[in-house]
Amino acid sequence: MNFAALVGLAATLPYFDLPTLVQAFDDRRESTRVQLSRWIAQGKVLPLRRGVYTLGDIYRRAPLTPAFLANQLYRPSYLSGVWALSFHGLIPDAVVWLTSVTTRGPRRFDNAFGTFDYRHVKPDGFFGYEQVPQTGGLILVASPEKALADDWHLSRGEWTPARLVEMRYQQTDLIDADRLRASVRRFNSPRLIRAAERWIAYVAHEAAAGEPGTVTL
(Lines give C-alpha, C1' and ligand atoms only; values in the text may rest on other atoms or scores of the structure.)
Protein backbone atom coordinates (compact mmCIF):
# COMPACT_ATOMS: atom_id res chain seq x y z
CA MET A 1 0.00 0.00 0.00
CA ASN A 2 1.33 3.41 -0.94
CA PHE A 3 -0.13 6.76 0.07
CA ALA A 4 -1.64 7.50 -3.35
CA ALA A 5 -3.58 4.24 -3.11
CA LEU A 6 -4.76 5.13 0.38
CA VAL A 7 -5.99 8.53 -0.79
CA GLY A 8 -7.80 6.88 -3.68
CA LEU A 9 -9.61 4.62 -1.24
CA ALA A 10 -10.23 6.94 1.69
CA ALA A 11 -10.45 10.52 0.38
CA THR A 12 -14.26 10.39 0.24
CA LEU A 13 -14.61 8.65 3.61
CA PRO A 14 -14.89 10.63 6.85
CA TYR A 15 -12.81 7.92 8.57
CA PHE A 16 -11.55 4.38 8.02
CA ASP A 17 -10.24 1.51 10.11
CA LEU A 18 -7.35 -0.91 10.01
CA PRO A 19 -9.36 -4.02 8.97
CA THR A 20 -10.69 -2.13 5.93
CA LEU A 21 -7.16 -1.35 4.76
CA VAL A 22 -5.90 -4.88 5.34
CA GLN A 23 -8.77 -6.28 3.31
CA ALA A 24 -8.60 -3.67 0.54
CA PHE A 25 -4.87 -3.95 -0.09
CA ASP A 26 -4.32 -7.56 0.97
CA ASP A 27 -1.36 -6.51 3.15
CA ARG A 28 -0.28 -7.92 6.46
CA ARG A 29 -1.84 -6.16 9.44
CA GLU A 30 1.51 -5.34 11.05
CA SER A 31 3.06 -3.86 7.89
CA THR A 32 -0.08 -1.76 7.36
CA ARG A 33 0.12 -0.53 10.95
CA VAL A 34 3.80 0.43 10.51
CA GLN A 35 3.04 2.35 7.34
CA LEU A 36 0.18 4.19 9.01
CA SER A 37 2.52 5.17 11.86
CA ARG A 38 4.89 6.76 9.35
CA TRP A 39 2.11 8.75 7.73
CA ILE A 40 0.82 9.82 11.13
CA ALA A 41 4.28 11.18 11.94
CA GLN A 42 4.18 13.12 8.66
CA GLY A 43 0.70 14.51 9.35
CA LYS A 44 -0.82 12.74 6.36
CA VAL A 45 -3.02 10.51 8.51
CA LEU A 46 -4.72 11.44 11.80
CA PRO A 47 -5.40 8.80 14.46
CA LEU A 48 -8.88 9.00 15.98
CA ARG A 49 -8.80 6.03 18.33
CA ARG A 50 -7.01 2.71 18.29
CA GLY A 51 -7.42 1.22 14.81
CA VAL A 52 -9.49 4.14 13.44
CA TYR A 53 -8.06 6.95 11.32
CA THR A 54 -8.84 9.76 8.92
CA LEU A 55 -6.81 11.47 6.24
CA GLY A 56 -5.27 14.87 6.92
CA ASP A 57 -7.44 17.82 5.96
CA ILE A 58 -5.67 18.52 2.66
CA TYR A 59 -6.22 14.96 1.48
CA ARG A 60 -9.74 14.28 2.78
CA ARG A 61 -12.71 15.45 0.72
CA ALA A 62 -15.39 14.18 3.10
CA PRO A 63 -16.53 16.65 5.77
CA LEU A 64 -15.82 15.59 9.32
CA THR A 65 -17.07 17.48 12.38
CA PRO A 66 -16.31 16.69 16.02
CA ALA A 67 -20.01 16.15 16.77
CA PHE A 68 -20.43 13.64 13.94
CA LEU A 69 -17.24 11.91 15.01
CA ALA A 70 -18.47 11.67 18.60
CA ASN A 71 -21.38 9.51 17.45
CA GLN A 72 -19.11 7.26 15.39
CA LEU A 73 -16.11 6.58 17.64
CA TYR A 74 -18.05 4.65 20.26
CA ARG A 75 -21.50 3.24 19.63
CA PRO A 76 -24.22 3.26 20.71
CA SER A 77 -23.93 6.79 22.02
CA TYR A 78 -25.44 10.24 21.75
CA LEU A 79 -24.15 13.68 22.71
CA SER A 80 -25.48 15.02 25.97
CA GLY A 81 -24.54 16.74 29.22
CA VAL A 82 -22.89 20.13 29.17
CA TRP A 83 -22.02 19.85 25.46
CA ALA A 84 -25.68 19.37 24.55
CA LEU A 85 -26.76 22.17 26.90
CA SER A 86 -24.39 24.49 25.03
CA PHE A 87 -25.56 23.14 21.67
CA HIS A 88 -29.18 23.97 22.53
CA GLY A 89 -28.20 27.42 23.86
CA LEU A 90 -29.25 26.58 27.43
CA ILE A 91 -25.93 27.78 28.86
CA PRO A 92 -23.85 30.72 27.59
CA ASP A 93 -20.50 28.96 27.42
CA ALA A 94 -19.04 27.33 24.32
CA VAL A 95 -18.10 23.76 25.18
CA VAL A 96 -15.42 21.88 23.24
CA TRP A 97 -15.25 18.79 25.46
CA LEU A 98 -17.71 16.39 23.81
CA THR A 99 -19.66 14.45 26.42
CA SER A 100 -21.72 11.48 25.24
CA VAL A 101 -23.70 8.82 27.06
CA THR A 102 -23.53 5.14 26.21
CA THR A 103 -24.78 1.84 27.59
CA ARG A 104 -21.22 0.51 27.24
CA GLY A 105 -18.34 1.09 29.63
CA PRO A 106 -16.94 4.62 30.03
CA ARG A 107 -14.19 5.63 27.63
CA ARG A 108 -12.27 8.73 26.60
CA PHE A 109 -10.46 9.51 23.36
CA ASP A 110 -8.21 12.48 22.65
CA ASN A 111 -7.34 13.32 19.05
CA ALA A 112 -6.90 16.26 16.70
CA PHE A 113 -10.64 16.92 16.72
CA GLY A 114 -11.03 17.22 20.48
CA THR A 115 -11.70 15.28 23.66
CA PHE A 116 -14.45 12.67 23.45
CA ASP A 117 -15.78 11.55 26.83
CA TYR A 118 -18.26 8.65 26.98
CA ARG A 119 -20.19 8.22 30.22
CA HIS A 120 -22.11 5.10 31.13
CA VAL A 121 -25.85 5.01 31.75
CA LYS A 122 -28.01 1.97 32.35
CA PRO A 123 -30.12 0.83 29.35
CA ASP A 124 -33.21 2.37 31.01
CA GLY A 125 -31.43 5.75 30.89
CA PHE A 126 -30.56 5.56 27.21
CA PHE A 127 -33.42 7.57 25.70
CA GLY A 128 -34.45 11.11 24.88
CA TYR A 129 -32.16 11.86 21.94
CA GLU A 130 -32.95 13.20 18.48
CA GLN A 131 -31.38 13.36 15.04
CA VAL A 132 -30.09 16.81 14.11
CA PRO A 133 -28.68 17.66 10.68
CA GLN A 134 -25.13 18.96 10.60
CA THR A 135 -22.39 19.24 8.00
CA GLY A 136 -21.32 15.71 7.17
CA GLY A 137 -24.53 14.01 8.27
CA LEU A 138 -27.04 13.59 11.05
CA ILE A 139 -25.88 13.66 14.65
CA LEU A 140 -27.60 12.20 17.70
CA VAL A 141 -28.07 14.77 20.47
CA ALA A 142 -30.05 14.68 23.69
CA SER A 143 -33.23 16.73 23.69
CA PRO A 144 -33.02 19.86 25.86
CA GLU A 145 -34.88 18.12 28.70
CA LYS A 146 -32.75 14.96 28.51
CA ALA A 147 -29.54 17.01 28.33
CA LEU A 148 -30.48 18.57 31.68
CA ALA A 149 -31.41 15.21 33.20
CA ASP A 150 -28.20 13.57 31.94
CA ASP A 151 -26.02 16.41 33.23
CA TRP A 152 -27.57 16.18 36.68
CA HIS A 153 -27.26 12.39 36.63
CA LEU A 154 -23.61 12.40 35.56
CA SER A 155 -22.59 15.06 38.10
CA ARG A 156 -22.09 14.07 41.71
CA GLY A 157 -23.78 15.76 44.60
CA GLU A 158 -27.04 17.53 45.28
CA TRP A 159 -28.30 20.06 42.74
CA THR A 160 -29.15 22.81 45.20
CA PRO A 161 -30.81 26.06 44.12
CA ALA A 162 -27.47 27.86 44.48
CA ARG A 163 -25.76 25.29 42.26
CA LEU A 164 -28.45 25.67 39.62
CA VAL A 165 -28.01 29.45 39.65
CA GLU A 166 -24.26 29.02 39.09
CA MET A 167 -24.97 27.27 35.77
CA ARG A 168 -26.39 30.56 34.35
CA TYR A 169 -29.12 28.80 32.41
CA GLN A 170 -30.66 30.76 29.56
CA GLN A 171 -33.40 30.27 26.97
CA THR A 172 -35.24 28.28 29.61
CA ASP A 173 -38.44 28.47 27.55
CA LEU A 174 -36.97 25.62 25.48
CA ILE A 175 -37.66 23.26 28.39
CA ASP A 176 -41.07 21.69 28.80
CA ALA A 177 -41.63 21.06 32.52
CA ASP A 178 -43.72 17.93 31.98
CA ARG A 179 -41.13 16.36 29.67
CA LEU A 180 -38.38 17.23 32.14
CA ARG A 181 -40.28 15.56 34.98
CA ALA A 182 -40.90 12.50 32.83
CA SER A 183 -37.20 12.27 31.95
CA VAL A 184 -35.92 12.38 35.53
CA ARG A 185 -38.53 9.91 36.76
CA ARG A 186 -37.21 7.28 34.37
CA PHE A 187 -33.91 7.38 36.27
CA ASN A 188 -35.77 6.39 39.45
CA SER A 189 -33.59 8.82 41.39
CA PRO A 190 -35.00 11.05 44.15
CA ARG A 191 -31.92 13.28 43.73
CA LEU A 192 -32.85 14.01 40.10
CA ILE A 193 -36.51 14.51 40.92
CA ARG A 194 -35.50 17.12 43.50
CA ALA A 195 -33.20 18.78 40.94
CA ALA A 196 -36.00 19.02 38.39
CA GLU A 197 -38.46 20.54 40.86
CA ARG A 198 -35.87 23.06 42.01
CA TRP A 199 -35.03 23.94 38.42
CA ILE A 200 -38.70 24.46 37.57
CA ALA A 201 -39.09 26.67 40.64
CA TYR A 202 -35.93 28.57 39.67
CA VAL A 203 -37.31 29.28 36.19
CA ALA A 204 -40.65 30.40 37.63
CA HIS A 205 -38.83 32.71 40.05
CA GLU A 206 -36.85 34.27 37.19
CA ALA A 207 -40.00 34.81 35.16
CA ALA A 208 -41.74 36.49 38.10
CA ALA A 209 -38.77 38.63 39.08
CA GLY A 210 -37.60 39.47 35.58
CA GLU A 211 -34.01 38.63 36.56
CA PRO A 212 -31.99 35.69 37.94
CA GLY A 213 -32.35 34.98 41.61
CA THR A 214 -31.82 32.35 44.24
CA VAL A 215 -34.73 30.04 44.93
CA THR A 216 -35.36 28.92 48.48
CA LEU A 217 -37.20 25.60 48.80
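At what angle do the axes of helix 6 and helix 9 cross? In this predicted model, the axes of helix 6 (residues 144-154) and helix 9 (residues 190-209) cross at roughly 130° and come within 10 Å. Axes are lines fitted to C-alpha atoms, for helices over the stretch in contact, and angles run from 0 to 180 degrees between N-to-C directions. Because of that angle, helix 6 is oblique to helix 9; angles under 35 degrees count as roughly parallel, over 145 as roughly antiparallel, 65 to 115 as roughly perpendicular and the rest as oblique.

**Basis and confidence**

- Residues are numbered from 1 along each chain as its sequence is written, and side-chain values use heavy atoms, with hydrogens and water left out. As the model is predicted, local features need pLDDT of at least 70 and side-chain atom pairs count only at pLDDT 80 or more, while totals for chains, interfaces and linings use all residues.
- The average pLDDT (the predictor's confidence in each residue, from 0 to 100) is 94 for the protein, and 97% of the residues score at least 70.
- Residues 213-217 have a pLDDT below 50, and this stretch has 12 contacts in the model beyond near neighbours in sequence; contact means heavy atoms within 4.5 Å.
- Helices (H or I, at least four residues) and strands (E, at least two) are DSSP runs, numbered from the N terminus.

**Helix 6 and helix 9**

- The crossing of helix 6 past helix 9 is right-handed; a crossing is left-handed if the near helix is turned anticlockwise from the far one by less than a right angle, and right-handed if clockwise.
- Helix 6 contributes Leu-148, Ala-149, Trp-152 and His-153 to the contact, and helix 9 contributes Arg-191, Leu-192, Ala-195, Ala-196 and Trp-199.
- By class, this contact of helix 6 with helix 9 holds 7 nonpolar, 1 polar and 1 charged residues; Ala, Val, Leu, Ile, Met, Phe, Trp, Tyr, Cys and Pro count as nonpolar, Asp, Glu, Lys and Arg as charged, and the others, Gly among them, as polar.

- Ala-5, Leu-6 and Leu-9 of helix 1 make the contact with Leu-21, Ala-24 and Phe-25 of helix 2, which has 6 nonpolar, no polar and no charged residues.
- Helix 2 packs on helix 3 (residues 29-41) at an angle of about 115°, with their axes 10 Å apart, and passes helix 3 in a right-handed crossing.
- Here Leu-18, Pro-19, Leu-21 and Val-22 in helix 2 meet Arg-29, Thr-32, Arg-33 and Leu-36 in helix 3, a contact with 5 nonpolar, 1 polar and 2 charged residues.

**Sheet and hairpin**

- An open sheet is formed by 3 strands in the order 1-3-2, with antiparallel pairing; two strands pair if DSSP finds at least two bridges between them.
- Strand 1 (16-17) and strand 2 stand at the edges with a single partner strand each, so one side of each is left without a neighbour in the sheet.
- Strand 2 (residues 45-49) and strand 3 (residues 52-55) pair over 4 bridges; Val-45 has Leu-55 as its bridge partner, and Pro-47 has Tyr-53.
- These two strands form a hairpin with 2 residues between them, and Gly-51 in the turn has a positive phi of about 85°.

**Backbone in loops**

- Arg-75 and Pro-76 are joined by a cis peptide bond with omega about 0°; Pro-76 lies in the loop between helix 4 (66-73) and strand 4 (77-79).
- Arg-168 is not a glycine, yet has a positive phi of about 55°; Arg-168 sits in the loop between helix 7 (161-166) and helix 8 (177-185).
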